[in-house]
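Welcome! Here is a short briefing to read alongside the sequence and the 3D view.

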Amino acid sequence: MFSYYIELALRSLKRTPVLTALMVLAIGLGIGASMTMLTVLHVMTQDPLPGRSAHLYYPHLDPLPTNYKTDPLGTNPNQNLTWPDAMALLHAHRAVRQAAMAGGRVLLWPQRTDVQPFYVDGHYTTHAFFDMFGVPFVEGSGWTATDDQASARVVVLTQTLARKLFGAANAVGKTVRLGELDYRVVGVTKDWAPKPLFYADASAQFYSDVDQFFLPLSDVLNSKQLDGDLRVSGNISGWSDSNGDNLRDPSTTWIQFWVQLDTPTQVATYRQFLVDYSAEQKSLGRYQRPPTNAKLYSLMGWLQYENLVPDDVKLQMWLALGFLGVAMLNIVALLLAKFLRRSGEISVRRAMGARTRDIFVQFGIESALVGVAGGLLGLGISQIGLWSIRQRPDDYAHLASMDPSMLVGTVMLAIVASVLAGMLPAWRACRVPPALQLKAQ
Amino acid sequence: MEIQPILAALRKHKIPTALIVLEIALACAVLCNAVFMIGQRLGEIHLSNAIDESGVSVLDVRGLDPEAMAADVPRDLAALRGIPGVTAAAAFNSLPLTNNGWNSDVATGPGKLFEKNAPNVMMYMFTESGDKALGLQLLKGRFFTATEYADSKLGGSYLPSGHVVLVTPSLAGRLWPGQPALGKQIWIGDDLHYTVVGIVGNVLRPSENGQGLSGFYHSLFFPISPGPNISNYVVRSAPADRDRVLRDGVRKTEALLPNAVVKGKTFTEIRDKYFADSRSMVWMLVLVCVVMLAVTAFGIVGLTSFWVGQRRRQIGIRRAVGATRAHILQYFQTENFLLSTAGVAIGMLLAFGINLYLMQHYQMLRMPWYYLPASAIALWLLGQLAVLGPALRASNVPPVVATRGG
């Protein structure tokens, strides 16, 4: 029976080729546009560190003066930590692991004379960074707590940068000249760049920035080269008038801080610790705002707070869904008109013994066919759409491609859309009263 | 034209009628908002900027020795001025639309910085003859004197130590509404203050910086003597010479500063890059509108064609009892007009609602009222155009059809 219905449906669709093509095209465009934007949204909101992200948290302190005007929509200084606060949290050791970090850019002098000096981007951080985020190493390892204390001149490179500098040879133990000083390579990581680069400062390009090196934060801060060949990249925000040492100033924020907490009890304890710390700072007169402003964000919660998805992308998604809505209404109206025009045929079939269910299935199959064809077309169109997004200048553009889950999602959307669109017309068709129609014939 | 029979006929096809009305409504709502967004983007792309955009080139120099800059920069600028065709050259801390903001809140008196209405502004700083290099347009007052350039150095908080400043009319209006700005003082914190000596045409900031379009012209200009962090060399020439001047400039600077990384760009390139996102958004919106209107039109064509096919016999009867072709044509046109009217009426409400929602969640502005009737008219025209084909076919149904069976 099923194959017979398919044959009937195909015959009916072939009878009106232009209309069928238009319906397929409309649903294809609607699904293509929607899936393009949903895919973009999906890759932008994906988990940057599956498996580990559930245990990573971002402490948020609020050292701003009471009268400081914060911008509810923009970036605020209290998104980062001050040097004293970061060091206090780091040395308190209240989490399983903790690391302070800041984005950096250094001028690198290759030993090979055929390569010009160039700037590379990376992070200044503390030793637990590598274990906490599970950075995979090709050779060597990160530096140690002792290196942090001693402000050792050590560096971790990514595989790409190590290859560029030393070719295929082993890089660990070699030296790299950053600015005017030599640093010893202690480890080479795989090319590791979580998307989005969740631990970066709000000014980063979260989807396209890649860290090429990691340096001990303590060494950088002690270095005479800071602000010369070694720079902090990212927001450095201050709210005091003093013209002192900018980065160590207790009213200048520039550091990001991440902690690893494995159990709910640890999370609760750490949250309380942050509030207690803030209360202590307030009683010392450093903080002015209520200690309960201190918060602990989960990784995904922090990304949401950072509001990484541009409004444009969200608007385009709503637009695409609106367009899909128009296309679906269009198809329902056309199928309905088409089915009801065949009332005569339906009546004859009913009079010959077909049940309403049979009619429903027959017409349901016809609309499902339109949907499947539209879905296939939509899949193709969304690939073109994603390709065109990859040509765009945006930060996230290069990520725009479908993973298996989105492919399945597209097919599902197509089926759901077409079944929804076909349901009403098929239901109306099976309710055609046979006697009346036959009489009119 | 009697509309009573049309309404009666539509009542017999309640669901398709409702669907097509909904489709038109949705299309109208999306169209209104999309066109509004296109308008906003185009407005941004074409924002005016009171500098010599077509004559300015920028050399972004990185990796300079901070301690040698006080001597190196004047030497480099002198070399750049020696290139044939260069009319002026100066060093800047940053430039419009480069996304490299030096922002601060400013106030009109000491200690008022944290007040709610203290505006966030961009602080441009340039070395001697920077006004000529960028092509600033003096509206009132004067530019800086040689002493003012020499006396101003960059302090530890990245603020200049001088005491004079130029403002844009946009910022002057925000700080001192209705009052003359010349001679007034701008304060940052309790110690630093600057006297307004001139007003220059509205210059854009390096980026909108979350301030909205109203704050996009909130720029200040300070004189500065050559030193660390003032490392964007601006070179001005006639537009015809610009590309050659830029090439020569990059070569000369690289020769003078072998350890530095020099990147040259014309200001036109900088502007294009800044608005590239907006431009691609405009194209995407236009595409969606066109395709959506096409789908709506095809929907109308398809549905009306079916109705025409269904009513061949009735049309034949009407023709047989004296209706002219024009009558039949008018029938379908009026029917479509009614459907479109219902559609755009709902659509305008929907469009307004969507706009309110977007205003709440996405920093969207209120849509001016005329977008609603404009898109209503667009959909009416689209409907009439779409219905013309099937309606003409209907009017060609010969009266003899009436006498034939089903």
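Among contacts in chain B that join residues at least 6 apart in sequence, 82% link residues at least 24 apart. This is a predicted model, so please read every value below as computed from that prediction.

**Chain B as a whole**

- Chain B contains 12 helices and 11 strands.
- The radius of gyration of chain B is 32 Å, whereas a compact globule of 406 residues would come near 22 Å.
- Buried residues account for 43% of the 406 residues in chain B.

- Look for Thr195(B) in strand β8 of chain B, which covers residues 192-200.
- Setting aside residues up to four places away in sequence, Thr195(B) touches His163(B), Val164(B), Val165(B), Gly183(B) and Gln185(B).
- From Thr195(B) to Met284(B), 89 residues apart along the chain, the C-alpha atoms are separated by 47 Å.

**Chain A as a whole**

- The secondary structure of chain A consists of 14 helices and 13 strands.
- Chain A is more spread out than a compact globule, because its radius of gyration is 31 Å, well over the 22 Å that the globule rule gives for 441 residues.
- A box of roughly 100 × 60 × 35 Å, taken along the principal axes, holds the C-alpha atoms of chain A.
- Of the 441 residues in chain A, 43% are buried.
- For contacts in chain A with a separation of 6 or more, 78% are between residues 24 or more positions apart.

- Leu247(A) sits in the loop between β11 (237-238) and β12 (252-260) of chain A.
- With 18 other C-beta atoms within 10 Å, Leu247(A) is partly exposed.
- Which residues does Leu247(A) contact, leaving aside its neighbours within four places in sequence? The partners are Trp83(A), Leu221(A), Thr252(A) and Trp254(A).
- The C-alpha atoms of Leu247(A) and Arg15(A) are separated by 76 Å, and the two residues are 232 residues apart along the chain.

**Where the two chains touch**

- In the contact between the chains, 47 residues of chain A meet 44 residues of chain B.
- On the side of chain A that touches chain B, α2 (17-44) and α10 each supply at least two residues.
- Which element gives the most to this side of chain A? The answer is α10(A), with 20 residues.
- By class, the residues on this side of chain A are 23 nonpolar, 12 polar and 12 charged.

- The axes of α2(A) and of helix α9 of chain B (residues 276-310) come within 11 Å, crossing at roughly 150 degrees.
- The two helices, α2(A) and α9(B), are therefore roughly antiparallel to each other, since angles over 145 degrees count that way.
- The crossing of α2(A) and α9(B) is left-handed.
- From α2(A), the residues Leu19(A), Leu22(A), Ala26(A), Leu29(A) and Ala33(A) meet Val288(B), Val291(B), Val295(B), Phe298(B) and Gly302(B) from α9(B).
- This contact of α2(A) with α9(B) has 9 nonpolar residues, 1 polar and no charged.

**A helix pair within chain A: α10(A) and α13(A)**

- Helix α10 (residues 311-341) and helix α13 (residues 404-430), both of chain A, pack at an angle of about 30 degrees, and their axes are 9 Å apart.
- That makes α10(A) and α13(A) roughly parallel to each other, because angles under 35 degrees count as such.
- Their crossing, that of α10(A) and α13(A), is right-handed.
- Among the residues that meet here are Met328(A), Ile331(A) and Phe339(A) in α10(A), and Ala417(A), Pro425(A) and Arg428(A) in α13(A).
- In total, the contact of α10(A) with α13(A) has 12 nonpolar residues, 1 polar and 1 charged.

How values were computed. Residues are numbered from 1 along each chain as its sequence is written. Chains are lettered from A and ligands numbered from 1 in the order in which they are written. This is a predicted model: local features need pLDDT of at least 70, side-chain atom pairs count only at pLDDT 80 or more; totals for chains, interfaces and linings use all residues. Axes are lines fitted to C-alpha atoms, for helices over the stretch in contact, and angles run from 0 to 180 degrees between N-to-C directions. Helices (H or I, at least four residues) and strands (E, at least two) are DSSP runs, numbered from the N terminus. Angles under 35 degrees count as roughly parallel, over 145 as roughly antiparallel, 65 to 115 as roughly perpendicular and the rest as oblique. A crossing is left-handed if the near helix is turned anticlockwise from the far one by less than a right angle, and right-handed if clockwise. Two residues are in contact if their C-beta atoms, placed from the backbone, lie within 7 Å. Ala, Val, Leu, Ile, Met, Phe, Trp, Tyr, Cys and Pro count as nonpolar, Asp, Glu, Lys and Arg as charged, and the others, Gly among them, as polar. The radius of gyration is taken over C-alpha atoms; the globule rule is 2.2 Å times the number of residues to the power 0.38. A residue is buried if 20 or more other C-beta atoms lie within 10 Å of its own, exposed if 12 or fewer, and partly exposed in between; C-beta atoms are placed from the backbone.
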